[in-house]
Amino acid sequence: MNDSSPLRLAEITPANVNDAIKVRVREDQDTFVAPVMYSLAEAYASRDTAWPRLVLDGDRPVAFVMAGFDPGAENPDHRCGIWRLNVAEGEQGKGYGRFAVEAVLAEARRRGEDKVTVSWVPGEGSPEGFYLKLGFALTDRVDDGETVGELFLT
């Protein structure tokens with residue numbers, strides 16, 4: 001992270017949607033996370049529950065995160081969770097992913113949630129180690145072929 005530039009989240013707007021779409025992970029990570037364009041389409045279709053944000057270092061887009069907040073969801077794993085995290089190629093390992101996850105956790109706390117879930121495609125190169133290092137714990141649950149992790153906020 002660049003200490004002279006403030007790290008912040010921005011709502012996706014017509015003014016920055018192209019910047020968000022340009023956030024692309026490394027090619028070898030494509031099997032683990034959907035492209036931002038797909039996420040934005042999903043956010044549009046789920047506008048009552050999706051929480052998409054662009055991560056900016058100063059004015060420079062470095063990552064995209066999307067959470068979902070649906071307290072009434074039938075599946076408890078879908079009530080409060082991280083849906084996507086895309087850190088741009090060349091920007092990984094600089095703390096942007098951690099910042100994005102911590103921002104989701106802060107939003108979850110603000111909304112009175114006590115647990116945040118995340119799921120990932122298992123396999124070599126998956127983000128499992130990243131999420132475990134941030135405090136998520138493995139569960140025995142699988143959602144649509146993805147491993148589910150959870151972090152309790154209380």
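Reader: Which element gives the most to the lining of the largest pocket?

Author: In this predicted model, β4 gives the most to that lining, contributing 7 residues. Other elements that supply two or more residues to it include α3 (96–110), β5 (115–120), α4 (128–133) and β7 (146–152).

Reader: What volume does the largest pocket have, and which residues lie nearest its centre?

Author: Its volume is about 970 Å³, and of the 37 residues that line it, Trp83, Arg84, Leu85, Ser119 and Tyr131 lie nearest the centre. Sorted by class, the lining of this largest pocket holds 16 nonpolar, 12 polar and 9 charged residues.

Reader: How should I read the second largest pocket, and what lines it?

Author: The second largest pocket has a volume of about 160 Å³, and its lining, which includes Ile21, Val23, Asp30, Met37 and Asn86, divides into 8 nonpolar, 1 polar and 3 charged residues.

Reader: Where do nonpolar side chains tend to be in soluble globular proteins?

Author: In such proteins, nonpolar side chains tend to be buried together. Here the largest nonpolar core has 26 residues, and those with the most contacts inside it are Ile82, Leu85, Val101, Leu105, Val116, Tyr131 and Phe136. At least two residues of this core come from each of β2 (50–57), β3 (60–69), β4, α3 and β5, with α3 giving the most, 6 residues. Apart from this core lies another, of 12 residues, among them Val36, Leu40, Leu54 and Phe64.

Reader: Which residues does valine 116 touch, leaving out those up to four places away in sequence?

Author: With those neighbours left out, valine 116 touches residues including Cys80, Ile82, Leu105, Phe136, Glu150 and Leu153.

How values were computed. Residues are numbered from 1 along each chain as its sequence is written. This is a predicted model: local features need pLDDT of at least 70, side-chain atom pairs count only at pLDDT 80 or more; totals for chains, interfaces and linings use all residues. Side-chain values use heavy atoms; hydrogens and water are left out. On a 1 Å grid over the protein atoms alone, a cavity is a set of points where a 1.4 Å probe fits but cannot get out, and a pocket is an open set with protein on both sides within 12 Å along at least five of seven lines; lining residues have an atom within 4 Å of a point. Grid points are joined across faces, edges and corners, and a volume is the space filled by probe spheres set on the points. Helices (H or I, at least four residues) and strands (E, at least two) are DSSP runs, numbered from the N terminus. Ala, Val, Leu, Ile, Met, Phe, Trp, Tyr, Cys and Pro count as nonpolar, Asp, Glu, Lys and Arg as charged, and the others, Gly among them, as polar. A nonpolar core is a set of buried Ala, Val, Leu, Ile, Met, Phe, Trp, Tyr and Cys residues joined through side-chain atoms within 4.5 Å. Buried means under 20% relative accessible area, exposed over 50%, partly exposed in between (1.4 Å probe, protein chains only). Contact means heavy atoms within 4.5 Å.
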